[in-house]
Amino acid sequence: MDALVCSSCGKNYGIDQLIWQCNCGGMLDISISSKLPLKRLKHRNQGLWRYREVIPVKDDENIVSFNEGFTPVVEIKIDSKPILFKMDFLFPTGSFKDRGATVLVSKIKELKIKKVLIDSSGNAGCAISAYCAKAGIECLVLVPENTSEEKLNQIKSYGAKLYIVEGDRDETARVALKLAEKIYYASHYYNPFFLQGTKTFAYEVTEQLGWEPPDAVVLPVGNGTLLLGAYTGFKELFEQGLIHRMPKLIGIQSEQCAPIFKMLKYNFNLMPNITVKPTIAEGIAVGRPPRANQVIKAIKRTNGTILTVSEKEIKEGLDYICKMGIYIEPTSAVSVAGVKKYLKIGKVKGTILSTFTGTGLKSHKR
Ligand SMILES: Cc1ncc(COP(=O)(O)O)c(C=O)c1O
Ligand SMILES: [Zn+2]
């Protein structure tokens with residue numbers, strides 16, 4: 001039986017309980033009981049719901065989907081080395097967040113919830129609003145005051161109620177937590193069903209590489225929903241015997257906001273109080289990510305690491321990729337800067353895969 005499991009105290013809850021956090025305050029994960037039937041895959045649509053058996057939504061009727069997923073993997077040379085990049089900016093709302101949104105909103109529909117709340121730097125708000133629009137679910141989106149006009153317009157266009165919080169990303173999260181006492185919290189970083197969507201990143205990558213995982217996966221980290229999703233997916237594939245090793249997970253943070261990097265470097269168990277400095281990587285400007293300890297565990301268990309990149313390095317990465325005809329948002333260029341840094345620290349062997357997480361079409365003017 002699928003279950004909600006607390007990552008702190010280990011308590012189990014039924015999969016249909018209307019909770020997004022354990023009573024002890026710990027983060028919930030989902031343990032799934034089914035396996036992926038490989039032989040059946042070849043007759044299925046090339047979208048992320050092809051991994052149907054391992055996505056914990058019971059009834060197909062509740063699936064809220066735009067046939068998203070199975071984004072292309074493209075080879076790009078970084079410092080003369082071929083690196084694979086997964087084009088996750090090509091999702092219906094323009095970012096990888098649609099992976100999480102299609103699964104979380106499907107489960108919300110299954111639970112017959114009619115109104116939800118999310119806080120976001122913009123992209124997750126766009127994704128949850130779009131899928132709620134499709135499902136006919138009311139959606140309230142909280143964003144920080146520096147969110148781009150384009151992201152605000154997108155959220156409003158889907159018919160969501162927008163609430164612009166005076167303050168930064170962390171202040172927005174604090175306001176949302178208060179409101180979540182009354183409205184179901186469709187949070188991309190607290191709600192474990194979102195990670196059940198982002199885990200399809202690992203399933204897709206592995207299938208696209210002929211059921212061989214890459215050796216290292218380089219990902220931008222704010223709250224870490226993509227990194228934790230990727231970890232969950234690779235771990236499930238490993239436990240099902242579909243892969244025989246886990247890729248190293250390499251998390252990348254901005255020098256301007258690097259709480260998880262600091263925790264790992266100085267061996268802190270508790271979140272340090274950091275000042276978030278301005279960064280063009282707005283999507284990862286998260287000063288207090290609640291799943292930080294889980295991100296660190298995932299990185300350690302895969303023998304990975306976490307690195308930081310400067311504003312200059314992010315801008316150079318952005319220019320380099322845009323000049324190749326790929327229009328991404330600055331947060332996504334953290335991947336390029338991160339790969340460059342990872343190549344520099346040496347001992348890098350095998351296939352390295354990274355991703356472009358969001359489109360440039362809705363980021364701040366540059
Ligand atoms: C384009 C983009 N890339 C990466 C991230 C980072 O995702 P996470 O906060 O889950 O680590 C975000 C988050 O908003 C984003 O919008
Ligand atoms: Zn607990």
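**View 1. Leu227 and the residues it touches in the predicted model.** Beyond residues up to four places away in sequence, Leu227 touches Leu219, Val221, Leu249, Gly251, Val295, Ala298 and Ile299. The model shown is predicted. Leu227 belongs to helix H7, which spans residues 225–239. With a relative accessible area of 0%, Leu227 is buried, because the buried class covers values under 20%.

**View 2. Leu227 and Leu195.** These two residues are 32 residues apart along the chain. Their C-alpha atoms are separated by 9.3 Å. Of the pair, Leu227 is placed in helix H7.

View 3. The protein donors are the SG atoms of Cys6, Cys9, Cys22 and Cys24, which lie 2.3 Å from the zinc ion. The four donor atoms subtend angles of 104 to 118° around the zinc ion, and the arrangement is therefore tetrahedral; for four donors, this class requires all angles to lie between 85 and 135 degrees. Along the chain, the donors follow the spacing C-x2-C-x12-C-x1-C.

**View 4. Cys6 and Cys24 at the zinc site.** Cys6 lies in strand S1 (residues 3–6), whereas Cys24 lies in the loop between strand S2 (12–14) and strand S3 (28–31), so the pair ties together parts that are 18 residues apart in sequence. Both cysteines provide SG donors to the zinc ion (ligand 2). Cys6 is buried, at 4% relative accessibility, whereas Cys24 is partly exposed, with a relative accessible area of 47%. The partly exposed class lies between the buried limit of under 20% and the exposed limit of over 50%.

Note on methods. Residues are numbered from 1 along each chain as its sequence is written. Chains are lettered from A and ligands numbered from 1 in the order in which they are written. This is a predicted model: local features need pLDDT of at least 70, side-chain atom pairs count only at pLDDT 80 or more; totals for chains, interfaces and linings use all residues. Side-chain values use heavy atoms; hydrogens and water are left out. Helices (H or I, at least four residues) and strands (E, at least two) are DSSP runs, numbered from the N terminus. Buried means under 20% relative accessible area, exposed over 50%, partly exposed in between (1.4 Å probe, protein chains only). Contact means heavy atoms within 4.5 Å. Donors are N, O and S atoms within 2.8 Å of the metal (3.2 Å for Na, K and Ca); water is not among the atoms, so sites may look incomplete. Four donors count as tetrahedral if all angles lie between 85 and 135 degrees; four count as square planar and six as octahedral if opposite donors are over 155 degrees apart and all others between 65 and 115; anything else is irregular.
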